[in-house]
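Please look over the sequence and the structure before reading on.

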Amino acid sequence: MCSTHCDRHGLVDMRVARLNGPRSLEITDRPGHWPAAGQVVVEITACGVGGSDREAWLGGTVVAPAWFGHEWAGKVTAVGEGVAGRFEGQRVVAGVSPPCGSCSPCGAGRSSNCRTVLEQIVGLDPLAADHGGFATETVADARRVVPVDEAISFIDAVLIEPAAVAAHAIRRSGLRIGDVAVVVGGGTVGLLTSELARLAGAAHIASVDTSIARNELACDLGVDAAFTSVDDGLRHWLDDHSGGLGADVVFICVDTEEALAAGLSLVCPGGAIVAVGVGNRIDNLSVTALLAREADFRVSLGYSSDDIDRVQALMRQDRLRVRPLRQPDVVGLDELNAVFESGIEPAAGPPKVVVRPNGV
Ligand SMILES: [Zn+2]
């Protein structure tokens, strides 16, 4: 049987989910990829569905096509010229490269703000594919394809990317050992942020989500208390655990005005509010409310290659548990439209839906 890139027969067709307009997803065949210099082709084994994917589906457009379905894991099937360290059969996940060393921020010694890495995070790097991981294969800049440890299954590996987002937020927060933390939003990133806050040394962690089932999951994963709203006992809990001061760090993991208002009302004097991958409501932020407490407001965007390495190490040791976050049943490409229709992150179960474009 021919592989995807058969020397004798040329490229084999692939299947891809294309967004044609609002709520209009087409599953279509197209010729497979051949890697240009610096690229690798990856057979997609599993791809997570994220909130940003559904936003794109609702609006009918994506900022960068490669970003639609960006939580993918798979196997390298072809390697382009000039690629080192990547080989056919290698298990990989979508990630970002180390700082490039040649862009202007890198040249100025600000490698943590590398422009190349930022372009990779948002799917705008020059070698990005014209579609994302909702496909049987994709092609990517080899620098942003990260090897996955054998101990981590492909289906768990789709959680590496959101875990790296959460890890980056923990680092941006400045959270210290013994801190009191509140995580607003119990979706995938919120739950991972709670887990990582514990691993980073938070003494007390509370989470907030309107879903009771999601709150139960948060408690299973180790938060001390979970509330359906800020006024549902959270303030009382916070007073008890902070001497009435408030939370040292509040992570905002859901993009609503209520979440932002909650952050402002819960943070302690001198504490920090961290917006994790959300920012549409920042324009409504009351600077006066921050000023009254001399609190910091920080944003966290994406992650670094180092964050990916660190979460993989924790997953390998089973200290960061990702399996409870994903739905037990995987879906095929043909079911993706229905997944978006029903609203991802179903309230009744784990938040992460995983697509297997090549079948189970
Ligand atoms: Zn750079």
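Does aspartate 318 count as buried or exposed? With 10 C-beta neighbours inside 10 Å, aspartate 318 counts as exposed, where a residue is called buried if 20 or more other C-beta atoms lie within 10 Å of its own, exposed if 12 or fewer, and partly exposed in between, with C-beta atoms placed from the backbone. The model is a predicted one, in which local features need pLDDT of at least 70 and side-chain atom pairs count only at pLDDT 80 or more, while totals for chains, interfaces and linings use all residues. Residues are numbered from 1 along each chain as its sequence is written.

**Overall build**

- The protein has 12 helices and 16 strands, these being DSSP runs numbered from the N terminus, with helices (H or I) of at least four residues and strands (E) of at least two.
- The radius of gyration of the protein is 21 Å, which agrees with the value near 21 Å that a compact globule of 360 residues would have; this radius is taken over C-alpha atoms, and the globule rule is 2.2 Å times the number of residues to the power 0.38.
- The C-alpha trace of the protein spans about 70 × 45 × 40 Å along its principal axes, and buried residues make up 48% of the 360 residues.
- Of the contacts in the protein with a separation of 6 or more, 71% are accounted for by residues 24 or more positions apart, a contact meaning that the C-beta atoms of two residues, placed from the backbone, lie within 7 Å.

**Domains**

- The domain assignment gives domain 1 (4-158 + 326-356) and domain 2 (163-300), with bounds that come from an automatic or database domain assignment.
- The C-alpha centres of domain 1 and domain 2 lie 29 Å apart, and the contact takes eight residues from domain 1 and seven residues from domain 2.
- On the side of domain 1 that touches domain 2, the residues divide into four nonpolar, two polar and two charged, where Ala, Val, Leu, Ile, Met, Phe, Trp, Tyr, Cys and Pro count as nonpolar, Asp, Glu, Lys and Arg as charged, and the others, Gly among them, as polar.

- Helix 6 (residues 188-199) has 12 residues and reaches 17 Å from its first C-alpha to its last, close to the 16 Å expected at 1.5 Å a residue; the expected span is 1.5 Å times one less than the number of residues in the helix.
- Because 10 of its 12 residues are buried, helix 6 is largely enclosed by the rest of the structure, and what covers its buried residues includes helix 5 (160-173), strand 10 (180-184), helix 7 (212-220) and strand 13 (247-252).
- Just after helix 6, glycine 201 takes a positive phi of about 110 degrees.
- Six of the six residues of strand 13 are buried, so strand 13 is largely enclosed by the rest of the structure.
- Strand 10 and strand 13 run parallel and are joined by four bridges, with valine 182 standing opposite valine 250 in strand 13; two strands pair if DSSP finds at least two bridges between them.
- Strand 13 also pairs with strand 14 in the parallel sense over five bridges, and here valine 249 stands opposite alanine 272 in strand 14.

- Aspartate 156 is found in helix 4 (residues 154-157) and counts as buried, with 20 C-beta neighbours inside 10 Å.
- Leaving aside its neighbours within four places in sequence, aspartate 156 is in contact with Met315, Val322 and Arg323.
- Although aspartate 156 and methionine 315 are 159 residues apart in sequence, they are 9.1 Å apart in space, C-alpha to C-alpha.
- Met315 is one of the buried residues of helix 11, and the buried residues of this helix pack against strand 9 (145-147), helix 4 and helix 5.

- Most residues other than glycine have a negative phi.
- Aspartate 318 has a positive phi near 60 degrees and lies in the loop between helix 11 and helix 12 (336-342).
- Glutamate 294 has a positive phi of about 45 degrees although it is not a glycine, and its place is in the loop between helix 10 (287-293) and strand 15 (296-300).
- With 9 C-beta neighbours inside 10 Å, glutamate 294 counts as exposed.
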